[in-house]
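Hi,

Here is the structure I promised to pass on. My notes follow below it.

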Amino acid sequence: MTVSLLGPAEIRDLAEHLGITPTKKLGQNFVHDANTVRRIVRTASVQPGETVVEIGPGLGSLTLGILEAGARVIAVEIDKRLAEQLPLTVEQLAPGADLDVVTADALRVTSLPSDPVALVANLPYNVSVPVLLHFLETFPSLERGLVMVQAEVGHRIAADPGSKIYGGPSVKAAWYGRFRVAATVSRQVFWPVPNVDSVLVAFERMPQPGTEEERVATFRLVDAAFGQRRKMLRQALAETFGGSAEASARLEAGGVAPTARGEELRLEDFLAIVRAPSA
Ligand code: SAM
């Protein structure tokens, strides 16, 4: 299939045609560099014939790149004007390509026209972590993916325990699989140019370590532990367990020192606390 990708002139023409001024509120920074698009698609190892879900297709820069690789795309876009334009753009620049557009807030999507195996997206920055976790939770068919996010957020998602940036997103992401920062992307490839650089985060799903009930309890614990980052866990979790003595007992039963801090714990440690017998 012959596909044309979007460059700076096409991006600006399309935006003008639609009367769109990119908004910060929706994290609208459009990629206008075909090399970057091809690099993302290559790094994501998009395969011909597979179904890819893209969150926030915008004007279609990345969508066209994924279609060029021969995949089918389900694109979820909240901005109605962009969602309506996308099939027209694809019809013109990638005739015959297989595209489904879902006009919706990705955070609220609970079903898709078919089961995607991969998630490839330049995520809206303001909701990147919640939207990523929501899709991993809601669509078990997703085996792998590559997302572009703000550099700081990407490094946090992929961080290991003990590092300064390790936090709630790192532990929660680990519930679903392995994440790594695969590449850095210059801010210059976006229109408008954002204030920060971006990274590509690659992931592959691993078997979930526990039940859904345990996941909910683990995430609650993670929120409490990192909500008060500098506190020892026996204090940070006092409210959760009904007092700091109770929290200490529960932590010890889970094999975790009550004086430890959240950033020292691996996902397995949080899960051990959830599974520990209460006094
Ligand atoms: N993929 C395009 C690209 O690379 O040029 C656009 C990426 S832009 C960073 C983020 C896109 O996500 C925008 O098109 C925006 O309208 C859309 N968006 C923002 N919030 C969203 C949400 N909650 N659900 C779905 N799409 C959303």
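Axes are lines fitted to C-alpha atoms, for helices over the stretch in contact, with angles from 0 to 180 degrees between N-to-C directions.

This is a predicted model: local features need pLDDT of at least 70, side-chain atom pairs count only at pLDDT 80 or more, and totals for chains, interfaces and linings use all residues. Residues are numbered from 1 along each chain as its sequence is written, and side-chain values use heavy atoms, with hydrogens and water left out.

Helices

Helices (H or I, at least four residues) and strands (E, at least two) are DSSP runs, numbered from the N terminus. Helix α3 (residues 61-68) and helix α4 (residues 80-93) have axes that come within 11 Å and cross at roughly 45 degrees. α3 and α4 are therefore oblique to each other.

Ligand site

The ligand is surrounded by 22 residues (a residue is near if one of its heavy atoms lies within 4 Å). The closest are Val31, Gly56, Glu77, Ala106 and Asn122. β1 (30-31) and β3 (72-77) each give the shell at least two residues. By class, the shell has eleven nonpolar, seven polar and four charged residues (nonpolar: Ala, Val, Leu, Ile, Met, Phe, Trp, Tyr, Cys and Pro; charged: Asp, Glu, Lys and Arg; polar: the others, Gly among them).

Now the ligand nitrogens. A polar backbone atom of Gly56 is 2.8 Å from a nitrogen atom of the ligand. For Pro57, a polar backbone atom is 3.4 Å from a ligand nitrogen. Asp105 places a polar side-chain atom 2.9 Å from a ligand nitrogen. Taken alone, the ligand exposes 600 Å², and the protein buries 98% of that (Shrake-Rupley, 1.4 Å probe).

Backbone points

The peptide bond from Trp191 to Pro192 is cis, with omega near -10 degrees. Pro192 sits in the loop between β8 (190-191) and β9 (198-205). Ser45 is not a glycine, yet has a positive phi of about 50 degrees.

Best wishes

Methods:
A polar contact is a pair of N or O atoms within 3.5 Å; within protein, one must be able to donate a hydrogen and the other to accept it, and residues adjacent in sequence count only if both atoms are side-chain atoms. Angles under 35 degrees count as roughly parallel, over 145 as roughly antiparallel, 65 to 115 as roughly perpendicular and the rest as oblique.
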